[in-house]
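Dear colleague,

I am passing on the structure below, and my notes on it follow. Please read them with the model open.

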Amino acid sequence: MTTSTQHRYIVRDPHILSGEPIVSGTRTPVRAIVELWRMGVAPEEIPSRLPHLTMAQIFDALSYFSDNQAEIAVYIERNRIPESILGTPR
């Protein structure tokens, strides 16, 4: 069962990513959009990397992040690949 949030395009579905906030109609987590943005990708450029998303969805995901930074930070940290697995650059 999908549950809505106060954000038009952001929902939770316990069957998708264990209920992590995602863009409605996709499996794209809010954290994926936030991480691209934090890497310096302008919101207007994100559709070139995630072409299935609209600008409205992207801005709503960033708005959701603005309202729920601590929650999204937990998801980002939980999904980070440990340095020990990545190895050290040569």
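Phe65 is buried, at 6% relative accessible area, where buried means under 20%, exposed over 50% and partly exposed in between, with a 1.4 Å probe and protein chains only. Please bear in mind that this is a predicted model, in which local features need pLDDT of at least 70 and side-chain atom pairs count only at pLDDT 80 or more, while totals for chains, interfaces and linings use all residues. Residues are numbered from 1 along each chain as its sequence is written, and side-chain values use heavy atoms, with hydrogens and water left out.

Phe65 forms an edge-to-face aromatic pair with Trp37, at 6.2 Å centre to centre and 65° between the planes; rings of Phe, Tyr and Trp (its six-membered ring) pair if their centres lie within 6.5 Å, and planes under 30 degrees apart count as stacked, over 60 as edge-to-face and the rest as tilted. Because Trp37 lies in helix H1 and Phe65 in helix H3 (residues 55-67), the pair ties together parts that are 28 residues apart in sequence; helices here are DSSP runs (H or I) of at least four residues, and strands (E) of at least two, numbered from the N terminus. Trp37 itself is partly exposed, at 39% relative accessibility.

In H1, Val30, Arg31, Val34, Glu35 and Arg38 meet Ile72, Tyr75 and Ile76 in H4, contact meaning heavy atoms within 4.5 Å.

As for the strands, three of them form an open antiparallel sheet in the order S1-S2-S3, two strands being paired if DSSP finds at least two bridges between them. Thr3 has Arg12 in S2 as its bridge partner.

Best regards
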